[in-house]
Amino acid sequence: MTDLYDARKARAAAWFRDLRDQIVAAFEGLEDRFGTGTPGRFKVTPTTRADGGGGLMSVMRGGRVFEKVGVNVSEVHGTLGERAQKAMAARGVPGMDRDPRFWASGISLVAHMVNPHAPAVHMNTRMFWTPHAWWFGGGSDLNPAIEYAEDTAHFHGQMRAACDLHDAAYYPRFKAWADEYFFVPHRGRARGVGGIFYDDLNSGGAAGDSWEADFAFTQEVGRHFLPAFVPVTEQRVNTPWTEADREAQLVHRGLYAEYNLVYDRGTKFGLETGHDANAVLMSLPPIAKWT
C-alpha cells in the first residue's frame, strides 16, 4: 500500500507542476498580445519548508495585463504540530495522535489585474495524505470589482462543465459550498461571484478506492480553469476605465485581503505548518484600499 500511495503522490505532484507550466505560458501569452510597453514575465523562486519539501513560487508584477499574479506549486511533508493535529482530528481524520505524518501537494493561483473591468481570480487544487486518510480539494472563484453578468455566466459554465463530466450532482453541491466558503461574515457579503469549492473529496469512503476518479475530477477542474478565465480577460483587458473604476477595484481588493488573512483555510494551514510565508501570502493584492 505504501508503494501504491508513493506512486499516486508522485502522479499528483507531477500534474500540479504541469498545470502550473500551462498557466504560466498562457498568462505570459496574454502579456504578449495585449497592452503596451514591456510584457510582464514571471520571476520563479524556489521555496522550502523547514520540516520537509518545498516548491516553486512564480510571481509576475507590473505587467501589461496582470498587476500581480502568482502561480505556486508545492510538495511538502513532515509531522503535523499539535494544533494541526487537532484540526485534522476535528475533520474526522483518525489516528493523528498516534502517527501525525502528512504529505501534501498542490497548485495555488491568484491574479490581480491592471484593468478594473477585468476580474481577479483564484484557483487551487491539492492532494493531502496521512497514513490514515487521503483526499483532494480545491476549486476556483471569480472576483470582479465591476461585475458583468456574461462574465459570471461564462465562468460558471466552465466550472459546471468540469463537474458534469464526473457527477451531475457536483456542480450544485460545490457551487453552494463556494458561496458559503467565500463569504465574508464581518462584511455580510461574498468576496466575489463564486465558482466551485470542494474539500475532503474521497468519494469512495469506506466502500472502496476512489482515488483514480477523484484525481481525474481534480485534473478536470484544473483543465477548465484557462477556458473559464482567459476569454473573460480577453473581453475586458482593453475596456476604457476611469479613476472611479480604479477606486472600486482597490476597495474590492481590500475585501479580498481581509478574507485571505482572516478566514482562508489554506493561508492558516500554510503559516501554521511552517511553509514559506512569502509563498503563503502571495495571494495578497499589490495595492488595496479601505475607506
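At what angle do the axes of α3 and helix α4 (residues 170–181) cross, and within what distance do they come? The close-up views described below, all taken from a predicted model, begin with this pair of helices.

**View 1. The crossing of helices α3 and α4.** The axes of α3 and of helix α4, which spans residues 170–181, come within 8 Å and cross at roughly 130°. An angle of over 145 degrees would count as roughly antiparallel, and α3 and α4 are therefore described as oblique to each other. Their crossing is right-handed. On the α3 side the contact is made by His156, Met159, Arg160, Cys163 and Asp164, and these meet Tyr170, Tyr171, Phe174 and Lys175 of α4. Sorted by class, the residues of this contact between α3 and α4 comprise five nonpolar, one polar and three charged.

**View 2. The packing of helix α3 against helix α6.** Helix α3 (residues 149–164) also meets helix α6 (residues 225–236), and here the two axes come within 8 Å while crossing at roughly 160°. The helices α3 and α6 are therefore roughly antiparallel to each other, and the crossing that they make is right-handed. From α3, the residues Glu150, Asp151, His154, Phe155, Gln158 and Met159 take part, whereas α6 contributes Pro227, Ala228, Pro231, Val232 and Arg236. This contact of α3 with α6 holds six nonpolar, two polar and three charged residues. Met159 of α3 belongs to the contact with α6 and is also listed in the contact with α4.

**View 3. The seven-stranded open sheet.** Seven strands are arranged in the order β1-β2-β3-β4-β5-β6-β9, forming an open sheet whose pairing is antiparallel. The edge positions are taken by β1 (43–48) and β9 (194–201), each of which has a single partner strand, so that one side of each is left without a neighbour in the sheet. On average, and with direction ignored, neighbouring strands of this sheet are turned by 10° against each other.

**View 4. The hairpin of strands β1 and β2.** Six bridges pair β1 with β2 in the antiparallel sense. Among the residues that can be followed across this pairing is threonine 45, whose bridge partner in β2 is methionine 57. Four residues lie between the two strands of the hairpin, and glycine 52 takes a positive phi near 155° there.

View 5. Strand β2 (residues 53–61) and strand β3 (residues 66–79) run antiparallel and are joined by nine bridges. Glycine 53 stands opposite valine 76 in β3, and serine 58 is likewise placed opposite a valine of β3, namely valine 71. This hairpin of β2 and β3 has four residues between the strands, and glycine 62 takes a positive phi near 65° in it.

**View 6. Valine 262 in helix α7.** Valine 262 lies in helix α7, which covers residues 243–262. With a relative accessible area of 41%, valine 262 is partly exposed.

Notes: Residues numbered from 1 in each chain as written. Predicted model: local features only at pLDDT ≥ 70, side-chain atom pairs only at ≥ 80, totals over all residues. Heavy atoms only, no water. Axes fitted to C-alpha atoms, helices over the stretch in contact; angles between N-to-C directions. Parallel < 35°, antiparallel > 145°, perpendicular 65-115°, else oblique. Left-handed = near helix turned anticlockwise from the far one by under 90°. Contact = heavy atoms within 4.5 Å. Nonpolar A, V, L, I, M, F, W, Y, C, P; charged D, E, K, R; others polar. Pairing = 2+ DSSP bridges. Buried < 20%, exposed > 50% of the residue type's maximum accessible area, 1.4 Å probe, protein only.
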